[in-house]
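Subject: Structure for you to look at

Hello,

Here is the structure I promised to pass on. Please open it and keep it in view while you read my notes.

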Amino acid sequence: MSGQHAGVQAFIQYAYENAQYAHCYAHQLNLIAGQATSQNQQVRVFFFNLSDITNFFNSNSLWRFILDETVRKRIPHGSATRWNFKSRTINIVYEYREQLIECMGKIETTSKQAVAINEAGAIRRMLEDSKFVFWLTVFHNIMPHVDVLYNQLQKTRIDAALIRKQVNVFQQSYETSRKRKRENIHVNRTVAARERCDVITNQVKERFCFNSHYSAVSLLEAPKFQEYKKKFPTQILDQTTDVYSMLQKDRLKTELGVIYRRSDFRNINGAISLLQFIIENNLQTTFSETYKLLLIIVTIPMTTAEAERCFSTLKRVKTFLRSTMSKDRLSALALLSIEKRTINDIPKFNENVIDLFASKKGRRVDLIY
C-alpha cells in the first residue's frame with residue numbers, strides 16, 4: 001500500500017534519496033483496532049450486533065422518538081474507518097443498557113408491525129445476554145485508551161517525540177488493563193479478552209516502532225537526558241547520522257553531550273519546545289547540528305490529520321457560488337482559514353489589511369480617515 005517498490009514512495013526516494021516515508025499514525029491506530037476485532041469470531045459477532053442497534057433506530061423516526069423519550073440519548077452510528085465513532089457507540093450502550101432494554105420493551109408492546117416487534121425483541125434479548133454484556137464491558141474498558149491516543153494524534157501541535165511518549169503510555173495502560181482481575185466470568189471469555197489485548201500490544205509494537213529515521217527522536221527525549229549523561233546513546237547516534245547524512249556526527253555528539261549535562265534542558269517537553277528554546281535564546285549557531293536535527297524531527301509528518309483539515313477548509317471556502325474564484329484568491333482565503341489561530345495572534349492584523357487594501361489605488365469609498 002505504501003508503494004515502497006514501484007509506487008510514489010519509490011519514485012520520490014529515487015529523486016530525493018534523503019526523503020523518508022512516514023505512515024499516518026492515526027491510520028495505523030485504526031488498523032490496530034481493526035486487527036484486534038477481526039481475528040476473533042465472538043468479537044466480530046459482537047460488533048455486528050452492536051451495529052444492529054444503531055441501524056434499528058435509524059430505520060424509523062418513531063423508534064427514535066421512543067429512544068429520546070426513554071433513554072434521552074442518541075446512539076451514534078459506527079464507522080468502518082474511524083474507531084472513535086465505535087467507541088462512542090460502545091460507551092452509550094454500556095452506560096444506558098438498562099434504559100435501552102426498557103426502550104425495546106416499549107417498542108415491543110406499542111408497535112403493530114411484526115418485523116419491528118421481532119427486531120426489538122431480538123435486540124432486547126441481546127442486551128440481556130451475558131456474552132454480549134461481557135464483550136461490551138471489555139471494550140468499554142479498552143476503548144478509552146484508544147480514544148486518548150487518537151485525540152493526541154489529531155492535535156495540530158504534535159511531533160515524533162510527543163507521539164513516542166504517548167505510545168509508551170498507551171502500551172503501559174494496556175498492560176495494566178490486561179492484568180486487571182475480573183471475577184465471576186467465563187474462563188474462555190477471559191482468555192479471549194486477554195488475547196485481544198495481546199493482539200493490540202503486539203500490533204502497537206510492530207506498527208509504532210521508531211526505527212530508521214524515527215530513531216533520532218530518542219536522542220532528544222528530555223526524560224532520558226539523565227540516563228544519556230551517564231551513558232551516551234552511540235548506537236542511536238550512528239543510526240541517525242546514517243539516515244541523515246547531512247549531519248556532522250562528531251559535532252552533533254558534542255552538542256548533545258552539552259545538552260544532556262545541562263539541567264535547563266531537562267524540563268523541556270517535546271522537540272517543538274526544545275526548538276523554540278534554542279531559537280528564543282539565539283543558540284542556533286552554538287547548537288547548529290542539533291538545530292538541524294530538530295528541524296528535521298518537527299517536520300516529519302506523523303499524521304495526515306492536518307492535510308485532511310486543509311481539504312475540509314477548501315470545501316468550505318470554495319462553495320458552489322464561488323466556483324469561478326481565481327487560484328490566487330482561493331489560496332489566500334484557504335491560508336487565512338487554515339492559519340486563523342496564528343492570524344488571531346498578530347496584533348492589528350485586520351487594520352493593517354484594510355490600510356493595505358485602501359492604499360493600493362483610489363477607491364470610491366474613503367476607507368482611510
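First, a term you will need: a residue is buried under 20% relative accessible area, exposed over 50%, and partly exposed in between. Arg 124 has a relative accessible area of 21%, so Arg 124 is partly exposed. Please remember that this is a predicted model.

**Salt bridges**

How many salt bridges does a search of the whole structure find? The search finds 9. Here are some of them.

Start with Arg 124. The side chain of Arg 124 meets that of Glu 108 in a salt bridge, at 2.6 Å from N to O. Glu 108 sits in helix α6, while Arg 124 sits in helix α7 (residues 114-128), so this pair ties together parts that are 16 residues apart in sequence. Glu 108 is partly exposed, at 22% relative accessibility. Glu 128 comes in too: Glu 108, Arg 124 and Glu 128 are linked in a network of salt bridges.

Next, look at Asp 68 and Arg 74. They form a salt bridge, and their closest N and O atoms are 2.8 Å apart. Asp 68 is partly exposed, with a relative accessible area of 29%. Arg 74 also counts as partly exposed, at 48%.

Then find Lys 224 and Glu 221. Their salt bridge has its closest N and O atoms 3.3 Å apart. Glu 221 counts as buried, at 10%.

**Arg 97**

Arg 97 lies in helix α6, which covers residues 97-110. Its relative accessibility is 19%, so Arg 97 counts as buried. The side chains of Arg 97 and Glu 98 are joined by a polar contact of 3.3 Å. What else does Arg 97 touch, leaving aside neighbours within four places in sequence? Arg 97 is in contact with Leu 127, Glu 128, Val 133 and Leu 136.

Where is Tyr 16? Tyr 16 is in the loop between α1 (8-15) and α2 (25-38). Tyr 16 has a relative accessible area of 58%, so Tyr 16 is exposed.

Best wishes

Terms used:
Residues numbered from 1 in each chain as written. Predicted model: local features only at pLDDT ≥ 70, side-chain atom pairs only at ≥ 80, totals over all residues. Heavy atoms only, no water. Helix = DSSP H or I, 4+ residues; strand = E, 2+ residues; numbered from the N terminus. Buried < 20%, exposed > 50% of the residue type's maximum accessible area, 1.4 Å probe, protein only. Polar contact = N/O pair within 3.5 Å; in protein donor to acceptor, adjacent residues only side chain to side chain. Contact = heavy atoms within 4.5 Å. Salt bridge = Lys/Arg side-chain N within 4 Å of Asp/Glu carboxyl O.
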